[in-house]
Structures are given as structure tokens and as C-alpha cells.
Amino acid sequence: MLRPRAAGALVGITAVVLTAVVVSTPAVGADDQPGTKGYEQTARLTTVGKPLDLLVHPESGKLYVGSDAVAGTTGGSLAGVYVVDPASGNVLNWVKTSPGSTGAPAQLPGKRLVGPLPGDGVHYLVGLRGIAAVKDGDAAGRGGWLTGTTITQAKAGAKAGTVVVVRGTKLEEVTVGETSVTVERSLTLPAAGGPLAVDTAAGQIWVTDNTDSLLLRVGSADFTPDGKEIPLAAGAAVSFLEWDTEHGVLWAGRGTVLEAYDIATGKLAASFDAKPGDTIADVAVDPHSDRAFAVWQDWGNPPEEGDGVGQLAVYDTATLKDLDMGAELPGVNGQLGSSSVAVTPGGDSVFVASPSEASLTVFRAPVPPPPSESPSPSDPGSPSPSDPASPSPSDGTSEPSPGDSGPDADPTGSGTIVPVDGPTADGDSAGGTGSGGARTTTGGGSLDTTGDGSLASTGTDVLLPAAAGTAALLAAGTAAVLWRRRRATT
């Protein structure tokens, strides 16, 4: 442990001061540059089974997780719907029971979260044709199963309390009761329907026609196509649609390409390509921050099909530009299911579900560095760069007091001392999980695991001051040198 003192030689003080200036900025990871603006991984939850889909409720703010059983675990299935406190990571409720195909309750996976209920709760898909509703505090989901064709797509309907589903060439609007699901309206599509996007405020439904490479618009008032179509660019079939109603843009996932279509012009406005081995898995649009958060999922098995590392990307929804604020997702691959993403209003917290790892990774928005308290060059009270570095006897400036910064004084005594932890044996910083340096929370505690003054290190345990302590070290160290020089000349 090194602890600089004013009694040290000028060379020693200079070295310590320079060291403090270089490394006092908190670092996201061992390889990140100081001042990074990317989202930081802060926790990894393994308490919600095998997460298949995520939804942050727009009113209650609770995080809903639809999950399946985790292969190879003992002690019973972890399938169901979880309700999680986004701030702490605590599981508030776990609803195991859903309506079964025969009407009898059963423990079934929450396959896909369809949309939010008023106030709190979600609609979700069960099995091949089941739709249920649940909210925090419920012991079981309520709803039922449709007969006939399997449900392939579902979203919250434009009419309050309804759900819009795709079953083959049928687009249907249904209501979910306590023990049943009822088809209210039905429309036959030109071809088998694909992913949906619904604007509840405007009363518009967009449905994908992958056969004819079109996006079709259906009015919710009469539940018929209104003639508005958007031709898709050449490429793979659409795997999901996400509507940014704030900017009138439809985000479409198409294999190795993420596309953004402008509804007003009916044209492709932007596209983003995957890195080798990746495919686009999901997008969450946050109108409060004008950002879209995308999960690019790797297919593993490096080097043939990728490097085993996915990506979280962040885009500006107004300019349709990559903000370069994303992060790597080690181990997020598509071999055991598609990843999903959800974001809290304002973009402060982002959640990425990884079925392959049976985990939920939490990211926090970067926190800008606090403003410096040092006087600026334009401050009337700050010295001009041309002023002498040390006071002269003729300018009336009093000499530094030996009692303040003399040989026995500790310049770091009034500062905040923070430990600088060296990397562990596996190369990650102390407290990390070995996957990006994120700390693991397994059922409680705050997810905000990063602290002010957490510094990067090259292997030596050193006590250095944080922001305020660094300023004190600079000031006190300089004063000590000046005092010793003045004493030597008197």
C-alpha cells in the first residue's frame, strides 16, 4: 500500500500527484478508457428461471418476466411469470399457475408477454393457444385457450382490454375473461400473418406479410385494411416489429439486419448490420429518452458461427444513428431461445434476458462526471497562466504555515481515501462474476453496485483519493514543496 505524505521528496510527490491525475477517474472495466459513455453492467440475476420475454409496466414500473424451466435444475420447475422490482432486483411475486389446455390449472411457461394491463399486470401467452392475465399479488393467471390454429403472434389491442393475435391467415381481436378467451372480430389476411405492431392511441394495427414482403395497416375501428402498405426491402423474413409512435417509425428485425421504416413516406429510413455471427433478437423503444435499445444475439461456437458474444446497441430514435453507448453481452447466444430487452422510462435501466444462460443482466445508464470545483481560467479569482507559480516576498502574500503542510503533515488526511482493487486471478476486477465484471445479485439487495471512486488498477493495491481527495493532494503537495524551498532559502 502506498500513502503519499508531504514529507516525501519532490520527485516522490510529483510521481504520486501524476498517478492520482491519471487513474482517479472511475473505470467501467479493465479494458475501458476513462470517461466511457456506454451503458454499464451492474448486476446479473439468476432468480427468474429461464427468461423468455420482458416487459416494464408503463404505470406501475414493475418488471414482468415470462419464464420457462431451467434444464438440469432440481427442486421443481421455475416456469411461470415473475414480478421484479427493477430498482433492487427483488422478486416480488412468482405466479406458477396458468390456465391449462383442458381448463385445469397447471404450471406452464410464460411464453410471451403480450402487453400491459391498466394500472398493473400483463397479458401473456400460454402454450399453443392460451392467453392469460396476471398482476402483482395474484396467485394464478386467469384466462383460457382458443380452439383451432396455434397463436403465432400477439400484441395488446387498440381497444382497451383486448388482445390482437395472428393464427395462420387470421388476424383476430380477442377478450380475456376469468376462465375463457373470446374472439370478438376476425379478418382474413392475404397470406399468413407475421409480427404485429399496435398503436393504441391512433387505433392502428400493422401486420407483417412475409410472403409478399409487405407491412399492412389495419384500422381498429372497422378491423379492415385501410390500403396503406409499406414494401419491405430485400432481405430475410421479419421476426419482430416494434412501433415508435413518437417518431412514426416501425423497427423491424430481419435476421442480420435491423431496419427502421418511416410510416409517413413508406420508405426504409435506416438499417443497421450485425457483426459476423450475430442476429437481431429484440428492440425496446423508450420515448422518454428518444432511444431504441437493441439486443444482437450471437450464435456461439466460435469461430465457425461467431465469437459467443452478443451486443447491446443504443440508437437515437430521432436521428436514427448509433449512439455508440452499447455494451458487449458475453454468452448471450441463440442456441436455447431468443433474447429480449426492456427499459425503464428515461432509459436509466436496461434489462437483457438470456435464455441460454438462464439469466437477466442489468445495465445502468452512464453517469456524467461531476463538475470540477477547480477555478476555471476565466474565473476572475483564478490566476493567469502567465502569473508566477510561487508567491514572491514582495507581493505581500503570506508564506504557507508549517503547521498546515509541514514535514509531518499528511496531505491526504482531509481527502476521501478509496481502495484501488487489483484484478483477481481470472483477470476480472474484484467483486466481478467473470462475465464483464458485473456483480451478481441472487434475490435481494441494491443493483447499484458501482461506487464513486472505484478505480482501475494494474495489480498493486494502492490507496488513492477520489475526486475531492485528489484536489486536496494536489494542493497540499504543492504547498509542501513551496514551504520546504522557502525554508531552505531563509
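View 1. Q153 has V166 of β13 as its bridge partner. The model shown here is predicted, so local features require pLDDT of at least 70 and side-chain atom pairs pLDDT 80 or more, while totals for chains, interfaces and linings use all residues. Residues are numbered from 1 along each chain as its sequence is written, and side-chain values use heavy atoms, with hydrogens and water left out. Strand β12 pairs with β13 (residues 162–167) in the antiparallel sense over four bridges; strands are DSSP E runs of at least two residues and helices H or I runs of at least four, numbered from the N terminus, and two strands pair if DSSP finds at least two bridges between them. Four strands make up this open, antiparallel sheet, in the order β12-β13-β14-β15. Because β12 (153–156) and β15 (181–188) are at the edges with a single partner strand each, one side of each has no neighbour in the sheet. From one strand to the next, the twist averages 25 degrees (axes are lines fitted to C-alpha atoms, and angles run from 0 to 180 degrees between N-to-C directions).

View 2. D244 belongs to β20 (residues 240–244). D244 is buried but has no salt bridge, the nearest side chain of opposite charge being R291, 12 Å away. Buried denotes under 20% relative accessible area, exposed over 50%, and partly exposed in between (1.4 Å probe, protein chains only); a salt bridge is a side-chain nitrogen of Lys or Arg within 4 Å of a carboxyl oxygen of Asp or Glu. For charge, Lys and Arg count as positive and Asp and Glu as negative, with His and the chain ends not counted. A polar atom of the D244 side chain lies 3.2 Å from the backbone nitrogen of E246. Leaving out residues up to four places away in sequence, D244 touches V249, W251, V285 and T317 (heavy atoms within 4.5 Å).

**View 3. The salt bridge between E357 and R44.** The side chains of E357 and R44 meet in a salt bridge at 3.8 Å, N to O. E357 lies in the loop between β30 (349–354) and β31 (359–364) and R44 in strand β1, so the pair ties together parts 313 residues apart in sequence. E357 is partly exposed at 27% relative accessible area, whereas R44 is buried at 17%.

**View 4. The salt bridge between R254 and E259.** The closest N and O atoms of R254 and E259 are 3.0 Å apart. R254 is buried, with a relative accessible area of 4%, and E259 is buried at 4% relative accessibility.

Key. A polar contact is a pair of N or O atoms within 3.5 Å; within protein, one must be able to donate a hydrogen and the other to accept it, and residues adjacent in sequence count only if both atoms are side-chain atoms.
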